[in-house]
Amino acid sequence: MTESNHIKNVALVGATGQVGSHILQRLLSSPSKFNITILTRKDSSAKIPTASNIKVCPVDYENHDELTTALTGVEVLIISLSVFTPKETQPALVDAAAAAKTVRYIIPNEWGTDWTDPVVNKTAMLGTGINETRDYIKSKGMSWISVVCGFWYEYSLGSGPNCYGFDFRSIPGKVYLYDGGNTPVNTSTWEHTGEGTVAMLELPIKSDSGLSIEGTFANSFLRLSSFQLSQRDMLAAVCRATSTSESEWEQITVSTEEYLKTGREQLQQGNRAGFGKILYGSVMEAYPDRNQGHAQAYQAHKGLHDEALGLAKEDLEACTKGALQIAKEKIETGQYWA
Ligand SMILES: NC(=O)c1ccc[n+]([C@@H]2O[C@H](COP(=O)([O-])OP(=O)(O)OC[C@H]3O[C@@H](n4cnc5c(N)ncnc54)[C@H](OP(=O)(O)O)[C@@H]3O)[C@@H](O)[C@H]2O)c1
């Protein structure tokens with residue numbers, strides 16, 4: 001039997017999550033008609049959609065045999081797990097994927113900035129663990145594909161001032177502008193991240209011309225971006241979406257150096273807000289040498305795959321309104337990160 005040049009069997013971990021649910025939606029609508037295996041915790045109360053091409057495997061992430069059985073026959077493993085997942089879970093999934101013998105590619109639990117980029121890693125210090133995971137996947141004979149999508153736009157704008165700096169508890173409200181708010185960053189919506197990830201999986205595995213999973217993305221990066229925006233661009237978008245003017249918003253310039261220092265202090269005291277300050281502060285800083293490129297404005301110096309994958313352009317105003325709706329819900333339910 002000749003081997004197919006397209007992926008058919010995909011496993012998704014975290015299919016009910018913020019990004020996972022968008023990946024699942026796009027997998028379900030794909031003309032590739034993927035066979036989708038969903039791994040979920042046995043005690044999860046999340047509601048997984050039903051479809052004839054979905055197989056749900058409730059698992060115990062500490063049970064190697066159970067994970068291996070679930071992943072047998074799978075060619076691509078997509079991991080989108082909560083940040084609160086125990087750190088042993090991802091390596092356990094990699095071990096099981098290797099034992100299953102059919103998994104060729106793993107999309108590890110990154111979904112953001114490339115934290116291994118030395119510019120951001122010097123302050124954020126997340127890169128070491130990420131590199132270890134990528135190396136571990138390779139050491140087990142599989143390839144990693146890292147999805148670089150920047151911070152999620154609607155999430156980072158709508159979750160509270162510790163992210164993109166906007167405080168929507170009143171409108172017009174406040175915005176904390178990192179180093180003046182002019183640093184451009186690439187940022188993607190959940191939907192765009194799901195679209196791009198699945199569009200990549202629809203490519204041929206190998207090709208002599210054009211993009212291919214093996215030739216372009218194996219042990220490499222899928223770079224996506226809905227928009228490249230500075231905080232000042234975001235403020236303009238927020239003003240359009242709320243019919244307010246910029247002069248009505250309280251604009252507070254913060255130094256990222258100071259912000260990172262406070263973030264570290266807060267984290268040491270067990271305050272999670274400090275984590276947000278470190279993450280966002282380290283990529284929003286006014287990077288002095290623009291010629292080297294900024295890690296988070298990767299479209300200029302690393303390039304994007306959106307166009308080559310035929311991804312649709314999104315409407316900034318509609319996405320900004322989506323972020324405001326998220327903020328409203330988080331404020332009402334006490335989940336706003338302020
Ligand atoms: N770019 C950004 O701005 C940004 C922001 C936040 C996070 N991220 C990254 O994206 C990844 C995915 O984040 P997300 O927000 O989509 O995840 P999420 O919605 O918080 O969680 C995804 C899934 O993880 C499973 N889960 C929850 N707690 C778990 C636990 N203790 N042990 C094992 N599984 C657990 C749940 O699935 P079941 O109920 O089905 O088991 C859940 O649906 C993160 O780990 C982080 O690396 C990026």
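Where is Ser 30 found? In this predicted model, Ser 30 sits in the loop between helix H1 (20–28) and strand E2 (35–41). Its relative accessibility is 4%. Because buried means under 20% relative accessible area, Ser 30 counts as buried. Apart from neighbours within four places in sequence, Ser 30 is in contact with Val 198 and Glu 202. With Glu 202 there is also a polar contact, made from side chain to side chain at 2.6 Å.

The ligand comes next. Around the ligand are 26 residues, of which Gln 18, Thr 40, Ser 44, Leu 81 and Trp 152 come nearest. By type, the residues of this shell divide into eleven nonpolar, 13 polar and two charged.

Some distances to oxygen atoms of the ligand can be given. For Val 19, a backbone N or O atom lies 3.1 Å from an oxygen atom of the ligand. Thr 40 instead brings a polar side-chain atom, which lies 2.7 Å from a ligand oxygen. At Leu 81 a backbone N or O atom is again involved, 2.6 Å from an oxygen atom of the ligand. On its own the ligand has 920 Å² of accessible area, and the protein covers 82% of that.

At the level of domains, residues of the shell come both from domain 1 (9–148 + 190–223) and from domain 2 (152–187 + 227–287 + 312–332), so the ligand lies between the two domains.

Key
Residues are numbered from 1 along each chain as its sequence is written. This is a predicted model: local features need pLDDT of at least 70, side-chain atom pairs count only at pLDDT 80 or more; totals for chains, interfaces and linings use all residues. Side-chain values use heavy atoms; hydrogens and water are left out. A residue is near a molecule or strand if one of its heavy atoms lies within 4 Å of it. A polar contact is a pair of N or O atoms within 3.5 Å; within protein, one must be able to donate a hydrogen and the other to accept it, and residues adjacent in sequence count only if both atoms are side-chain atoms. Accessible areas come from the Shrake-Rupley method with a 1.4 Å probe; for residues, only the protein chains shown count as cover. Helices (H or I, at least four residues) and strands (E, at least two) are DSSP runs, numbered from the N terminus. Ala, Val, Leu, Ile, Met, Phe, Trp, Tyr, Cys and Pro count as nonpolar, Asp, Glu, Lys and Arg as charged, and the others, Gly among them, as polar. Domain bounds come from an automatic or database domain assignment. Buried means under 20% relative accessible area, exposed over 50%, partly exposed in between (1.4 Å probe, protein chains only). Contact means heavy atoms within 4.5 Å.
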